[in-house]
Amino acid sequence: MADNEKKKLNTISRSFPWPSIIRLNNYIHVPYQRIILTRKNIIKRDGHRCAYCGQRDESLTIDHILPKSRGGGDSWENLTACCVRCNNKKGNRTPEEAGMPLRLTPYTPNHIMFILKDAGNVDQAWKPFLFQT
């Protein structure tokens with residue numbers, strides 16, 4: 001039995017089964033939520049894996065693909081998660097110079113992607129209501 005089948009919503013006079021989804025009849029526009037560029041969000045975007053070797057490591061660092069000393073800035077497209085070993089091996093070089101190709105192309109994430117990663121498994125009852133066009 002699922003958790004939502006055990007729970008009840010109680011009012012003064014009635015009791016209702018706990019819903020797995022609530023459908024809105026009227027949509028209120030929510031302004032675009034920009035994801036803030038932080039170490040935590042870069043690692044989350046990259047799936048907690050090194051962009052060079054793919055290793056899952058507790059001690060991931062952030063690597064500038066084009067080093068700052070060569071004009072590389074702090075942007076979603078220039079920063080990636082990297083293990084300490086690969087970061088030291090790459091040093092102050094580009095991935096091409098170091099012979100270390102990126103396993104993924106860095107990109108600016110959107111808030112929907114972050115919600116889906118946090119949500120985990122999607123309840124089958126929700127599928128008709130998600131991503132309607």
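**Fold, cores and charged pairs of the predicted chain**

Of the 133 residues in the chain, 26% are buried. The model described here is predicted. The accessible surface of the chain amounts to about 9,900 Å², and carbon and sulfur atoms account for 54% of this area. The secondary structure comprises five helices and four strands, arranged from the N terminus in the order α-β-β-α-β-β-α-α-α. Among contacts with a separation of 6 or more, 57% are between residues 24 or more positions apart.

The largest nonpolar core has eleven residues: Ile-43, Cys-50, Tyr-52, Leu-60, Ile-65, Ala-81, Cys-82, Cys-83, Cys-86, Ala-98 and Met-100. Strand E4 (residues 79–83) gives the most to this core, contributing three residues. Another core, of six residues, lies apart from it and includes Ile-35, Ile-42, Met-113 and Phe-114. In soluble globular proteins, nonpolar side chains tend to be buried together.

Leu-9 belongs to strand E1 (residues 8–10) and is classed as partly exposed because its relative accessibility is 37%.

Four salt bridges were counted in the chain. One of them joins the side chains of Lys-90 and Asp-63, with an N to O distance of 3.3 Å. Lys-90 is in helix H3 and Asp-63 in strand E3, so this pair ties together parts that are 27 residues apart in sequence. Both Lys-90 and Asp-63 are buried; for Asp-63 the relative accessibility is 3%. Strand E3 spans residues 60–64. Apart from residues up to four places away in sequence, Asp-63 touches Tyr-52, Asn-78, Leu-79, Thr-80, Cys-82, Asn-87 and Lys-90.

Asn-87, one of these contacts of Asp-63, is located in helix H3 (residues 84–90). With a relative accessible area of 19%, Asn-87 is classed as buried, because the cut-off is under 20%. The side chain of Asn-87 makes a polar contact of 2.8 Å with the side chain of Thr-61.

A second pair, Glu-97 and Arg-70, forms a side-chain salt bridge at 2.8 Å, N to O. This pair links distant parts of the chain, with Glu-97 in helix H4 (residues 95–98) and Arg-70 in the loop between E3 and E4, 27 residues apart. Glu-97 is partly exposed, at a relative accessible area of 45%, and Arg-70 is partly exposed as well, at 40%.

A further salt bridge joins Asp-46 to Arg-45, where the closest N and O atoms are 2.8 Å apart. Asp-46 is buried, with a relative accessible area of 4%, and Arg-45 is buried at 3% relative accessibility.

Backbone geometry at His-48 was also examined. Most residues other than glycine have a negative phi. His-48, which is not a glycine, has a positive phi of about 60°. His-48 is placed in the loop between helix H2 (39–45) and E3, and its relative accessibility of 42% makes it partly exposed.

Notes: Residues are numbered from 1 along each chain as its sequence is written. This is a predicted model: local features need pLDDT of at least 70, side-chain atom pairs count only at pLDDT 80 or more; totals for chains, interfaces and linings use all residues. Side-chain values use heavy atoms; hydrogens and water are left out. Helices (H or I, at least four residues) and strands (E, at least two) are DSSP runs, numbered from the N terminus. Buried means under 20% relative accessible area, exposed over 50%, partly exposed in between (1.4 Å probe, protein chains only). Contact means heavy atoms within 4.5 Å. Accessible areas come from the Shrake-Rupley method with a 1.4 Å probe; for residues, only the protein chains shown count as cover. A polar contact is a pair of N or O atoms within 3.5 Å; within protein, one must be able to donate a hydrogen and the other to accept it, and residues adjacent in sequence count only if both atoms are side-chain atoms. A nonpolar core is a set of buried Ala, Val, Leu, Ile, Met, Phe, Trp, Tyr and Cys residues joined through side-chain atoms within 4.5 Å.
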